[in-house]
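Dear colleague,

Please find below the structure that I am handing over to you. My notes on its helices, sheets and local features follow it.

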Amino acid sequence: MRKIIMLVATALVAVTLTGAPASAKGTPDKYVPKAGPAFNNPYGSKSAVRRLISQVNRTVDSVPRGGKIRISAWNVRSAAITNSLIRAHRRNVSVQVVMDRANWNPNNPNVDAARLKAALRVGNKDRAKEKKSFLRRCIGSCRGKHGIPHSKFFLFNKVKTKKGKKVKTVRWVTMYGSYNATELGATIQWNDLFTMKNDEARYDQFLSVFDEMVKDKPIKNAYTGYYDDGAVATAFYPYVGKNAGNDPIMDVLNQVTCKGATTNKNGTTRIRIAQTAMYGDRGLALARKIAQLQRSGCNIRLVYAMFGGEVLRILRAAKVPLTHLAYDNNEDGLYDRYVHMKSMAISGYYGGNPGARMVWNGSANWTSVALASDEVVGVVNKKWVTNKYMQWIDYMFTHRPAAWGPEHPGNNVAAPTGRFAVGAMDTYEARAAAQDQYDAQVEARARKRGVDPYALIKEEN
């Protein structure tokens, strides 16, 4: 299976063999990303495809001499990001990166990570300890005994931006979400990044966790609990220790009331979910709760990539509106276009508040593995942010790429017009049957080749 991923990766990173980037005395860019959420679309315009990778690269290129960059990523496999980080290191920026060893080892070569690690060593011995650069790999979860290093965040202690003729310094820029430092994160996945600026306390929370990850040693009370300023709350898994309780997502869903909301004219609570993976015992429990909320009258839309068969059976029995946003683009038996987000937005009655608008985002899938892994999770209690996430998930739900054709209909409740038009299906059952037929075709191709149709999703999750 590694060979399959290596072939994909090799094609994407061939540009890395052209040589290392030149050094730069000043910042090559003057850019600071907008606060709040950003999303990419692998089937959009070039700017839409590369929105997140461009955001990361331009921010890296705007960190001045003496600045600090800290990155936690499941995988680093991008020539563009590697080049920008090497440029930063060469202008005396401290660049430190933590990733998963499974994504770079003798059985899984990684040209970009290897090149980055080698470049960050150059000139490092002459730097003070706190200013050194490095790339390190965790074996399993960095802060836990099990799981994987799956958190995705980017920290910048200062960034130079230009307003007219004036150059301004913006401090404590923190980004987190579902986007890894990879080309695949732009070209085959739907992802999100949430940005905060000038928030030193938040930056320090992330930095403290990063410093623990670097040590690659289990922590007894790994779950941090939430740092909450009233508008944004962020926390880190592994979900173990004195601060951990019941399933954190189940605790959220248990506080939802489907009727009596004041955020919508009909009084119905709306729930929008974009989730890569939900399976196993945890997935089953969450599926049952979502099905219960659907039957109680909540307005739910769910976009997914890799759900267990029994999870789907439970959701379909309750007629939860679903779109399987996963596609075998080159018909080789592997799903290679898919939603990679791990987000949920609620507008309605939550926690006793009939006018709640909240978003849960970050890097955590709804699986047991996520609870044992390094993950970053956020809760954003802002109306405009909630609206952004709900609108984007609605867009993904109804706007499957037209290139996928009518034989892959998903379970959309409407047929949009324009570039992403989809053939309408009369009933929920008809849409589900059509989706099953398409998935069976992918699985047949996978069996013929002796591969897992979800291998790429699992490897690049």
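**Helices laid across the strands**

Contact here means heavy atoms within 4.5 Å. Helices (H or I, at least four residues) and strands (E, at least two) are DSSP runs, numbered from the N terminus. Axes are lines fitted to C-alpha atoms, for helices over the stretch in contact, and angles run from 0 to 180 degrees between N-to-C directions.

This is a predicted model, in which local features need pLDDT of at least 70 and side-chain atom pairs count only at pLDDT 80 or more, while totals for chains, interfaces and linings use all residues. Residues are numbered from 1 along each chain as its sequence is written, and side-chain values use heavy atoms, with hydrogens and water left out.

Two strands pair if DSSP finds at least two bridges between them.

Two of the pairings may be described in detail. E4 and E5 pair in the parallel sense over five bridges, and Met99 stands opposite Arg137 in E5. Between these two strands the chain passes through H5, and this β-α-β crossover is right-handed (with the strands pointing away from the viewer, the path from the first strand over the helix to the second runs clockwise). Strand E7 (residues 166-177) and strand E10 (residues 192-196), by contrast, pair in the antiparallel sense over four bridges; Thr174 has Met196 in E10 as its bridge partner.

Of the 21 aromatic pairs found in a search of the whole structure, one is formed by Phe153 and Phe206, which are edge-to-face at 5.3 Å centre to centre, with 80° between the planes. Rings of Phe, Tyr and Trp (its six-membered ring) pair if their centres lie within 6.5 Å; planes under 30 degrees apart count as stacked, over 60 as edge-to-face and the rest as tilted.

Two packed helices are described by the angle between their axes and the distance between the axes.

Helix H3 (residues 51-60) and helix H4 (residues 79-90) pack at an angle of about 10°, with their axes 9 Å apart. H3 and H4 are therefore roughly parallel to each other (angles under 35 degrees count as roughly parallel, over 145 as roughly antiparallel, 65 to 115 as roughly perpendicular and the rest as oblique). Ile53, Val56, Asn57 and Val60 of H3 make the contact with Ala80, Ile81, Ser84, Leu85 and Ala88 of H4. These residues divide into seven nonpolar, two polar and no charged. Ala, Val, Leu, Ile, Met, Phe, Trp, Tyr, Cys and Pro count as nonpolar, Asp, Glu, Lys and Arg as charged, and the others, Gly among them, as polar.

H4 also meets H5: their axes come within 10 Å and cross at roughly 5°, and H4 and H5 are therefore roughly parallel to each other. On the H4 side, Ala79, Thr82, Asn83, Leu85, Ile86 and His89 meet Asp112, Arg115, Leu116, Ala119 and Leu120 in H5. The division in this contact is six nonpolar, three polar and two charged.

The axes of helix H9 (residues 280-295) and helix H10 (residues 309-317) come within 8 Å and cross at roughly 10°; H9 and H10 are therefore roughly parallel to each other. H9 contributes Gly283, Leu284, Ala287, Arg288, Ile290, Ala291 and Arg295 to the contact, and H10 contributes Glu310, Val311, Ile314, Leu315 and Ala317. Eight of these residues are nonpolar, one is polar and three are charged.

**The three-stranded sheet**

Three strands form an open sheet with mixed pairing, in the order E9-E18-E17. Strand E9 (189-190) and strand E17 (326-327) stand at its edges, each with a single partner strand, so one side of each is left without a neighbour in the sheet. E9 and strand E18 (residues 337-339) pair in the parallel sense over two bridges, with Tyr338 in E18 as the bridge partner of Gln189.

**Backbone features**

Most residues other than glycine have a negative phi, and most peptide bonds are trans. Asn92, in the loop between H4 and E4, has a positive phi, near 70°. The peptide bond from Tyr237 to Pro238 is cis, with omega near 15°; Pro238 is found in the loop between strand E12 (232-237) and helix H8 (248-253).

With kind regards
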